[in-house]
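Q: Please take a close look at a single helix of this model and describe its surroundings and packing.

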Amino acid sequence: MSVQDTQPAHQVADPGGPPVEGLTSVTPGLSPSMRRLAPVATGAFTALATLGIMWWNPGDTGFPLCPSKFLLGIDCPFCGATRATAALARGHLGRAFDHNALWTAMVPFVVAWFMVWVFVAFTDRPMPKVSLPRWVWVSVLVALAAFGVARNLDVSPLTRWLGADSVSI
């Protein structure tokens with residue numbers, strides 16, 4: 001075990017220095033360069049995938065990409081997320097909400113989490129731990145299920161709007 005593995009990421013000392021008792025690295029066994037490579041590679045892959053989705057219209061094929069849409073004919077909570085991502089990449093916020101309101105609302109949180117990950121990786125600090133009470137997780141699951149049910153109901157203009165069906169972006 002190296003000295004870096006026994007000290008917190010934000011207090012990595014000179015390899016010749018004494019180890020700190022009881023403290024471990026956030027990612028034991030990974031060098032600082034590998035800890036930095038992970039968010040950079042993830043960001044590069046995500047950017048390339050988003051550009052590809054932006055140029056290729058996911059709605060053009062007529063073939064649903066979601067297994068639940070293909071097999072059961074219903075929208076899962078994430079149906080339309082690919083088309084919503086393409087619309088966001090093109091700057092069409094309204095169309096993105098039309099394809100998948102849930103995913104469009106989640107994107108800022110995903111981007112913020114990614115930025116924290118990059119900051120943590122490049123400053124050698126530990127990743128902040130988020131501890132939410134059980135009721136929050138239950139509420140998120142109930143909201144996800146309610147969204148999945150509501151977007152498949154055809155009883156009002158609002159529920160029809162929540163569905164992922166759209167001719168093109």
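A: The account below concerns helix H3 and its packing against H5. This is a predicted model, in which local features need pLDDT of at least 70, side-chain atom pairs count only at pLDDT 80 or more, and totals for chains, interfaces and linings use all residues. Residues are numbered from 1 along each chain as its sequence is written, and side-chain values use heavy atoms, with hydrogens and water left out.

Helix H3 spans residues 81-89; helices are DSSP runs (H or I, at least four residues) numbered from the N terminus. Within H3, Ala-81, Arg-83, Ala-84, Thr-85, Ala-86 and Ala-87 are buried, that is, under 20% relative accessible area with a 1.4 Å probe and protein chains only. The cover over these buried residues includes helix H1 (32-55), helix H4 (93-99) and helix H5 (101-123). Just after H3, Gly-91 adopts a positive phi of about 85 degrees.

H3 and H5 pack at an angle of about 55 degrees, and their axes lie 9 Å apart; axes are lines fitted to C-alpha atoms, for helices over the stretch in contact, and angles run from 0 to 180 degrees between N-to-C directions. H3 is therefore oblique to H5, the class left for angles that are not under 35 degrees (roughly parallel), over 145 (roughly antiparallel) or 65 to 115 (roughly perpendicular). From H3, Ala-81, Ala-84, Thr-85 and Leu-88 make the contact, with Trp-103, Thr-104 and Val-107 on the side of H5; contact means heavy atoms within 4.5 Å. These residues divide into five nonpolar, two polar and no charged, where Ala, Val, Leu, Ile, Met, Phe, Trp, Tyr, Cys and Pro count as nonpolar, Asp, Glu, Lys and Arg as charged, and the others, Gly among them, as polar.

Key
Buried < 20%, exposed > 50% of the residue type's maximum accessible area, 1.4 Å probe, protein only. Helix = DSSP H or I, 4+ residues; strand = E, 2+ residues; numbered from the N terminus.
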